[in-house]
Amino acid sequence: MTEDAAAHVLVADDEPVSLEYLLGALRELGFRVDGAANGGQALIACATATYDLLLLDRRMPDLGGVALLRELRRKGCDSIAIATSAELDAAMRAQLVQAGYADTLTKPIGVERLAALLAAHLPHWNRQRPQTAASSLEVAAVPMSSSAVIEDGAALASVGGDRQTLQSLRGLFASELEAALPRIAVMPAGELGDWLHRLRASCRYCGAVRLGNSAEELERRLKAATDGHDRELAEFIDIVQQTLDALANP
């Protein structure tokens, strides 16, 4: 990559809100970007194009994290790879780095944090991005939404203060919740756990704090494989509906 060329980045993430946000943030920072909704699409993309950097979700239903990078390397892709995830503890980070990831990022990923990480791994990248009207410090003072279910302050900070971006992400988020709502009560435990994990990143981007906390608690119960999570499931479904109502009536 020369100093004048726009770096080419691939983002692989099966969570629509996270994928849309990261693609938009990278475009704003001046990168050429492609998106993949799963590991299989990432393999196809890397077989047909050359990328300076890969942002790969750690946990995708078909292929993610260590297994995805191993397969990419086997196929000759030597692009810099960074793992993203809704949660990353020390053991997970160590495993990913040992597998060949140059770095790890916990979602949600603010624009400034993303820019700093990319600058560290792409030293020839020349950032040419106009400053937004509101800095992340200014955004912290933005009043929250009138609904306690949806909070604006942290969500705006995570998207660089861009209300239009936040509105777009919340539209995608609402569509995802509406599609899932009739199925939540009958999802197999494994499928539900995977969806809850992905959902938590969307909750952070969109300011759905109460739903994110409820999803985390229900996911914890499912991981523990304990009986008696019917109450948490019912409460979670109720909060999903409250969140949809709040998104429809900001």
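Loop, buried residue and helix pair

A: Pro108 sits in the loop between strand S5 (103-106) and helix H5 (111-121); helices (H or I, at least four residues) and strands (E, at least two) are DSSP runs numbered from the N terminus. The model is predicted, so local features need pLDDT of at least 70 and side-chain atom pairs pLDDT 80 or more, while totals for chains, interfaces and linings use all residues. Residues are numbered from 1 along each chain as its sequence is written, and side-chain values use heavy atoms, without hydrogens and water.

The peptide bond that leads from Lys107 into Pro108 is cis, with omega near 5°.

Glu219 belongs to helix H10 (residues 209-224). Glu219 is buried, at a relative accessible area of 3% (buried is under 20%, exposed over 50%, partly exposed in between, with a 1.4 Å probe and protein chains only). Beyond its neighbours within four places in sequence, Glu219 is in contact (heavy atoms within 4.5 Å) with Arg59, Glu87, Gly193, Leu196, His197 and Arg200.

Helix H9 (residues 189-206) packs with helix H8 (residues 163-180) at an angle of about 150°, the axes being 10 Å apart. Axes are lines fitted to C-alpha atoms over the stretch in contact, and angles run from 0 to 180 degrees between N-to-C directions. H8 and H9 are therefore roughly antiparallel (over 145 degrees; under 35 is roughly parallel, 65 to 115 roughly perpendicular, the rest oblique). Residues on both sides make the contact, including Leu166, Phe173 and Glu176 of H8 and Trp195, Ser202 and Cys206 of H9.
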